[in-house]
Amino acid sequence: MKQSKTLYLFIIPGLFLYLLFFVYPTVNGLILSFTDWDGFSSKNWIGLENYKKMLVDDSIFMKALTNNLKFMLGVVIFQTLLSLGFSILLVKNSKSNIFFRALYFFPTILSSISVAFIWGFMYNPNVGVVNNVLGRIGLEALAQNWLGDPELALYSIVFVQVWAHTGQMLVIFVAGLQSIPEELYEAVYLDGATKWQAFKHVTWPMVTPAATIVVAYTTIQSFKAFDLIFALTGGGPVYSTEILSTYIYHTAFQSSEFGYAAAQSMGFMLIIAMITFGQFKLLKGNRAS
Amino acid sequence: MNHLNKDTAAGRMLKQTALIGFALLILVPVSIVILASFKQMTDLFENPLGWPETFSLTNYVQMFSEQHLGRYFLNSTLVTITTIACILFFSSLLSYAIYRFTGWLALVLYGLFSAGMIVPPQVNMIPIYSLVSDLHLTDSLIGLIAVSISVFMPVSVFILSGFMKSLPKEMIEAAAIDGASEWRTYAQIVLPISMPSISASAIFLSVMVWNDLLFPLLLINSGDKKTLPLALLQFQGEFMTNFPLIFAGVIIASAPMVIAYIALQRYFVEGVTAGSVKG
């Protein structure tokens, strides 16, 4: 059927809004990054000043970057392994498996602020449940200031992020595993393979597409973790949980340095692009083999 | 899968322990919070893990009367429904056009929206704030809705165009033979058949919009226009240690999603898989 001109009308409303409120700001952000805008007065051109400051003179930016990378690594590793492991256990569509899958998925639908309040309470050093339970079973020595200890806080949040999103990745892995034909396993077991060999030669290659998606999705999610961290610790204590997105927010709305925050946003976008590209290359290479 | 039957008793026990362990890890904190919302503060500190000494609804009443949670609930509902309706309409039109266009335009559109999915909103939050401020739309639900539509649209375009790619071309041919216009083909043939994908997309988007904190935080200042996540965040400042009260707020704010999840669980899962795995 020949395309009629009305198709061009179809794309107008969606494209207009998207270009205006999403694409244009992304581009405009670049321009803003060359100014000294404070959110109120005029935007004056200052060239590469913001970028110089970011790369040379801002230790907190570097701290936020390292935190973000640590956070991303922790979440990707644990969330992927956990969801893959559970997906193998829960791959059959039995009633109990379906129940477990539904239960594990549940935290995904809660808002990050709700999750933050739940775990903020759980982690509370004085009245929180974690230390309370540790005390009751005689493990008081292990009780910590989970969110108040700069060494520990970031990892406490990694735990919460994984808690909230493993179920979501589990669903993706189950879909991937369920598409593997039984015959492949039968053939391999007929040849006398052990469970581990079956995993290595059948499961792993066939689940790689799903794994790629899970890793990519989890990575993006961990960069988006603004809501959770903002609500749980606000980036503290002492910037130990400050990640790039929370730092950008603070730079703009606490320090009134919108131009500088825009420069940081550009840096942020570049870092994400590099990581996404790197992952793509890595996993594509794996697939070919 | 047959190979799972080669379990040893020890292996099976390990499996059950892991499954039940994680299940408890989810159920216990959630139950504690639910029970806590019916307690008073002193009750909670004395008895964090148990059933309430006196079951009280004062926290819930306080949330609605003193804290105006009903107003914020309404705001969230308005923003979510309007945003989703607009996204579904615009993205289905876009996906249909992508499906029908041959050549570079389809690829450009698809690429444009797919790239949008990878860019976290935090990257352009500053320029978006600047733009909304220049348009004098800050502190308005319209501004919030317009931004939400634009920011969350890529996901829907991705899901729907992915689905439409799998539709047989003969369907369009048949419609052409019948002399149907593009609009009729879209509205009467493609749209109805895409309903599963649209439903999955709708649910997936609803969760994201209802739970969104970043854009309300960025764009809304005044009290009566707050959405639930923003209101909850600000309660934290005011009621730092009154956990039961805050938990009542959390439960009220989560209730719609939880109810929808229990009733429409299949669509939640389909939304996730459709948004990531093709076909």
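**Entry 1: a positive phi.** Which residue with a positive phi follows helix 6 of chain B? I found B:His136 there, with phi near 60°. I was working with a predicted model, in which local features need pLDDT of at least 70, side-chain atom pairs count only at pLDDT 80 or more, and totals for chains, interfaces and linings use all residues. Residues are numbered from 1 along each chain as its sequence is written, while chains are lettered from A and ligands numbered from 1 in the order in which they are written.

**Entry 2: helix 6 itself.** I then looked at residues 125–134 of chain B, which form helix 6. Helices (H or I, at least four residues) and strands (E, at least two) are DSSP runs, numbered from the N terminus. This helix is mostly covered, with seven of its ten residues buried. I noted the buried ones as B:Met125, B:Ile126, B:Pro127, B:Ile128, B:Tyr129, B:Ser130 and B:Val132. Buried means that 20 or more other C-beta atoms lie within 10 Å of the residue's own, exposed means 12 or fewer, and partly exposed is in between; the C-beta atoms are placed from the backbone.

**Entry 3: the nonpolar core.** B:Ile126 turned up again in the largest nonpolar core, as one of the residues with the most contacts inside it. Such a core is a set of buried Ala, Val, Leu, Ile, Met, Phe, Trp, Tyr and Cys residues joined through C-beta atoms within 7 Å. Domain 1 (2–60) and domain 2 (68–274) of chain B each contribute at least three residues.

**Entry 4: around A:Leu228.** I left aside its neighbours within four places in sequence and found A:Leu228 in contact with A:Ser112, A:Val115, A:Ala116, A:Ile157, A:Val160 and A:Gln161. Contact here means that the C-beta atoms of two residues, placed from the backbone, lie within 7 Å.

**Entry 5: two domains in chain B.** Chain B is divided into domain 1 (2–60) and domain 2 (68–274), with bounds that come from an automatic or database domain assignment. Their centres, taken over C-alpha atoms, are 32 Å apart. Ten residues from domain 1 of chain B and eight residues from domain 2 of chain B make the contact. On the domain 1 side, helix 1 (9–36), helix 2 (41–46) and helix 3 (58–65) of chain B each supply at least two residues. Helix 1 of chain B gives the most to that side, with three residues.

**Entry 6: each chain as a whole.** How many helices does chain A have? I noted twelve helices and zero strands for chain A, and 13 helices and zero strands for chain B. Of the 289 residues of chain A, 45% count as buried; of the 279 residues of chain B, 46% do. The C-alpha trace of chain A spans about 75 × 75 × 35 Å along its principal axes, and the C-alpha atoms of chain B fill a box of roughly 75 × 65 × 35 Å.
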